[in-house]
Amino acid sequence: MPKITEEVYYIPGQDEFMPDSHVYVVGNPSSQNLSLMDAGFVGKGSYKIQSIQKAGIEISAIKRIIMTHTHLDHIGCLAEISKQIPWAELWVHHLEADLLEQGDERAVYGMDMFRGLCQSQFGLKPGAFKFQVNQKLQGGETLDLGGTVWEVIHIPGHSMGSIGLYHRTMKILIPGDVVYADYAIGRFDLYGAKASQLKESLMRLGELEVDILLPGHNRIVKGLPKGYILKTARQWESYLT
Ligand SMILES: [Zn+2]
Ligand SMILES: [Zn+2]
């Protein structure tokens with residue numbers, strides 16, 4: 001489990017037939033108050049818990065799982081992880097939290113065709129993604145996570161309840177699937193997605209000073225070029241109307 005800073009660790013996703021999101025472990029391990037950002041795809045929970053243990057961190061220190069959003073590649077193994085750390089709270093933006101609590105899985109699967117495919121391929125039953133959410137985020141909160149301070153930014157467009165976490169002094173951004181390395185952005189054709197909102201979200205992130213970009217998939221970037229997110233937004237602008 002590579003260390004990004006003293007307070008942020010990185011568990012790379014293990015993509016196979018389907019993408020598996022990265023998980024970031026946020027908080028100073030000495031605080032005994034750690035948060036996982038996202039869980040990952042179906043069946044991809046055990047190795048993540050093992051990576052944390054191999055790094056010498058007691059899993060009792062994990063107090064919560066915060067979802068950047070609830071697509072299947074991020075929430076697929078939430079139940080598997082929760083079984084190992086049943087005390088951990090679940091924090092989700094309220095727009096997707098309400099769906100999870102109702103067992104409405106449209107945001108999880110994104111499209112009907114994908115739902116059918118995944119349910120038959122991975123033996124998922126209807127209602128597999130019904131969860132109680134302990135904290136419903138709005139965006140605009142400041143969170144103290146194990147001795148580190150993060151701003152919650154609501155950045156819809158890829159999904160309706162996508163959030164980013166931003167550490168202003170360390171200039172670290174965890175944007176979920178909204179923006180990636182190499183001028184890539186999240187898709188905007190799934191349930192609850194909206195191109196024009198994605199553009200606004202990218203513009204908003206573009207105002208932040210970001211040195212370390214920790215996206216949900218693909219490469220992480222340290223020493224992000226100045227203006228990178230705005231430049232990415234401009235490149236995609238004509239598709240995001
Ligand atoms: Zn996504
Ligand atoms: Zn994803």
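Reply: Leaving aside residues up to four places away in sequence, T5 touches M170, I172 and I212 (a contact means heavy atoms within 4.5 Å). The model is predicted: local features need pLDDT of at least 70 and side-chain atom pairs count only at pLDDT 80 or more, while totals for chains, interfaces and linings use all residues. Residues are numbered from 1 along each chain as its sequence is written, chains are lettered from A and ligands numbered from 1 in the order in which they are written, and side-chain values use heavy atoms, with hydrogens and water left out.

T5 belongs to strand β1, residues 3–5 (helices, H or I of at least four residues, and strands, E of at least two, are DSSP runs numbered from the N terminus). T5 counts as buried because its relative accessible area is 15% (buried means under 20%, exposed over 50% and partly exposed in between, with a 1.4 Å probe and protein chains only). The side chain of T5 also meets the backbone. A polar atom of this side chain lies 3.0 Å from the backbone nitrogen of E7, and the side chain of T5 reaches the backbone nitrogen of V8 at 3.2 Å. Such a polar contact is a pair of N or O atoms within 3.5 Å; within protein, one must be able to donate a hydrogen and the other to accept it, and residues adjacent in sequence count only if both atoms are side-chain atoms.

Not counting residues up to four places away in sequence, S51 touches M1 and I11. From S51 to D98 there are 47 residues in sequence, and the two C-alpha atoms are 31 Å apart in space.

The metal sites come next. H69 (NE2), H71 (ND1), H158 (NE2) and D177 (OD) coordinate the zinc ion (ligand 1) at 2.1 to 2.4 Å (donors are N, O and S atoms within 2.8 Å of the metal, or 3.2 Å for Na, K and Ca; water is not among the atoms, so sites may look incomplete). The angles among the 4 donor atoms of the zinc ion (ligand 1) run from 92 to 169°, and its site is irregular. Four donors are tetrahedral if all angles lie between 85 and 135 degrees; four are square planar and six octahedral if opposite donors are over 155 degrees apart and all others between 65 and 115; anything else is irregular.

Along the chain, the donors of the zinc ion (ligand 1) have the spacing H-x1-H-x86-H-x18-D. H71 is buried because its relative accessibility is 5%, and H158 is buried because its relative accessible area is 2%.

The zinc ion (ligand 2) has D73 (OD), H74 (NE2), D177 (OD) and H217 (NE2) as its protein donors, which lie 2.0 to 2.1 Å from it. The site of the zinc ion (ligand 2) is irregular, with angles of 84 to 146° among its 4 donor atoms. In sequence, the donor residues of the zinc ion (ligand 2) follow D-H-x102-D-x39-H. D177 bridges the zinc ion (ligand 2) and the zinc ion (ligand 1), which are 3.5 Å apart. H74 is buried because its relative accessible area is 0%, and D177 is buried because its relative accessibility is 3%.

Aromatic rings complete this account. The structure holds 6 aromatic pairs (rings of Phe, Tyr and Trp, its six-membered ring, pair if their centres lie within 6.5 Å; planes under 30 degrees apart are stacked, over 60 edge-to-face and the rest tilted). One of them is the edge-to-face pair of F41 and F122, at 5.0 Å centre to centre and 80° between the planes. This pair links distant parts of the chain, 81 residues apart, with F41 in the loop between β4 (34–37) and α1 (46–54) and F122 in helix α6 (residues 112–122). F41 is buried because its relative accessibility is 4%, whereas F122 is partly exposed because its relative accessible area is 29%. F129 and F131 form a tilted pair, 6.4 Å centre to centre with 50° between the planes. Both F129 and F131 are buried, and ring pairs join Y109, F129 and F131 into a cluster.
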